[in-house]
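Have a look at the model first, then read on.

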Amino acid sequence: MKILVALVIALCLLTHPIVCKKHSNDEEHSAFEKNHKKLTLQDDPSYSKLEEIQDHPLGSKILQTIALQLRGNESLSAVSKLLNDLKGDLEGKQIDADNERAQIGSQCKKDLQNYSQRISLSINEIKDAEFKAKRLNEAIAVYQAEINEKARQIKVFQAKDDTLRDIRRQDNLDFSTRTTQMKEMVQAFEVILPKLHQVWDVAAQHKAGSFIEEEAINEALVQLAKIGEENPITAMVALTSTLEPTAVQTLIEKMEAIRDSIKESIKAEEDAEAKNARDTDTILAAIFNAIESLTREKSSDEEALQETIRNRDIQDKRSRDAHAEFNAAKNGNQQRNQQCQEYELQYQQNTIERDKQIAIIRDVQNIIATKIEVVTCFVEENNLF
């Protein structure tokens with residue numbers, strides 16, 4: 001019995017190195033196969049895709065979530081549901097964003113059209129206001145020129161009126177002086193002629209060339225001399241005193257002719273003066289009417305000028321308001337256009353990001369469904385456990 005035990009022990013001792021060596025070879029083979037499998041998994045295109053996914057914030061979070069599930073040896077069905085929900089949420093947000101974009105795009109279009117219409121209307125308003133203001137300024141210049149011309153004409157007529165009145169006063173004064181002198185001469189003739197007739201009557205009673213009572217003649221001449229030195233008949237008295245009585249008749253006839261001529265001259269002067277006065281009054285009346293007419297026209301032009309100035313000011317205000325509206329609409333259009341462009345840019349960026357996130361989720365879903373070993377290998381290699 002002891003011998004049998006010893007043999008068994010010896011046999012075991014002889015066979016143990018072989019078993020140990022075989023076990024070592026199995027471990028090396030297993031490690032080789034594992035390393036080979038890992039290299040094979042890393043060469044899989046899905047592995048590279050997972051590396052790209054991990055570079056994205058959402059992809060990194062998804063892979064960390066998967067790593068937690070794998071570490072707990074839990075089913076990935078919860079992860080699949082989470083990915084489906086997340087993808088559905090992103091797709092819903094994209095639909096909402098598309099609808100919102102359509103609404104905002106429509107509103108942007110309307111707003112920009114409204115600003116464009118306001119700009120167009122304000123430009124037309126500016127052109128119309130400036131055109132009318134230009135015409136009104138031209139009318140203002142015409143009114144001002146007409147008012148100045150009428151004022152000049154009124155001044156000219158007033159000067160003519162003053163001149164005519166001065167001439168009329170001087171003519172009347174000259175007329176008065178002339179007629180006064182002529183009337184004084186007539187008066188002198190009216191005084192001297194009766195005395196001369198007395199001389200003639202005395203001479204006639206004694207016949208021509210006969211004796212004349214010198215006292216009667218001398219008395220008549222003395223009475224004539226008493227009229228005064230300043231009277232025009234003084235010279236006549238002096239002349240008469242030297243005449244022969246028979247020459248008095250001729251003198252009387254001459255003096256009566258002169259007196260009558262002076263009376264006719266006075267009548268002609270009076271007629272001429274009356275006509276001159278009437279003609280002057282007619283001219284003055286015409287000047288007065290012209291001044292009155294020009295004054296009314298000037299007043300009417302001044303009222304029209306003020307009305308035109310008010311209308312011009314209204315057009316100027318229209319132009320200023322239209323310029324303000326144009327600037328407001330232009331600035332509003334620029335701001336709104338910038339807002340719409342910024343929104344569109346943000347929409348495009350968000351859409352690209354959502355599309356990328358949805359693509360990541362789909363890639364993860366596809367890899368999980370078809371390449372779970374690659375996922376496990378990636379998680380292990382990147383220490384996501």
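A residue is called buried under 20% relative accessible area, exposed over 50%, and partly exposed in between, using a 1.4 Å probe and protein chains only. With that scale, aspartate 260 is partly exposed at a relative accessible area of 34%. This is a predicted model, in which local features need pLDDT of at least 70 and side-chain atom pairs count only at pLDDT 80 or more, while totals for chains, interfaces and linings use all residues. Residues are numbered from 1 along each chain as its sequence is written, and side-chain values use heavy atoms, with hydrogens and water left out.

**Salt bridges between helices**

- Side chains of opposite charge can pair when their charged atoms come close.
- A salt bridge here is a side-chain nitrogen of Lys or Arg within 4 Å of a carboxyl oxygen of Asp or Glu, and the whole structure holds 28 salt bridges.
- One of them joins glutamate 325 to arginine 118, with 2.5 Å from N to O.
- Glutamate 325 sits in helix 7 (residues 248–370) and arginine 118 in helix 4 (residues 77–205), so this pair ties together parts that are 207 residues apart in sequence.
- Helices are DSSP runs of H or I with at least four residues, numbered from the N terminus.
- Both partners are partly exposed: glutamate 325 has a relative accessible area of 28%, and arginine 118 has 26%.

**Arginine 259 and its partners**

- Arginine 259 forms a salt bridge with glutamate 190, where the closest N and O atoms are 3.6 Å apart.
- This pair also links distant parts of the chain, with arginine 259 in helix 7 and glutamate 190 in helix 4, 69 residues apart.
- Arginine 259 is buried at 16% relative accessible area, whereas glutamate 190 is partly exposed at 35%.
- Arginine 259 forms a salt bridge with aspartate 260 too, the closest N and O atoms lying 3.3 Å apart.

**Helix 3 against helix 8**

- Helix 3 (residues 57–71) packs on helix 8 (residues 372–381) at an angle of about 100°, and their axes are 10 Å apart.
- Axes are lines fitted to C-alpha atoms over the stretch in contact, and angles run from 0 to 180 degrees between N-to-C directions.
- Helix 3 is therefore roughly perpendicular to helix 8, a term that covers 65 to 115 degrees.
- In contact (heavy atoms within 4.5 Å), Leu63, Ile66, Ala67 and Leu70 of helix 3 meet Val375, Thr376, Phe378 and Val379 of helix 8.

Key:
Helices (H or I, at least four residues) and strands (E, at least two) are DSSP runs, numbered from the N terminus. Angles under 35 degrees count as roughly parallel, over 145 as roughly antiparallel, 65 to 115 as roughly perpendicular and the rest as oblique.
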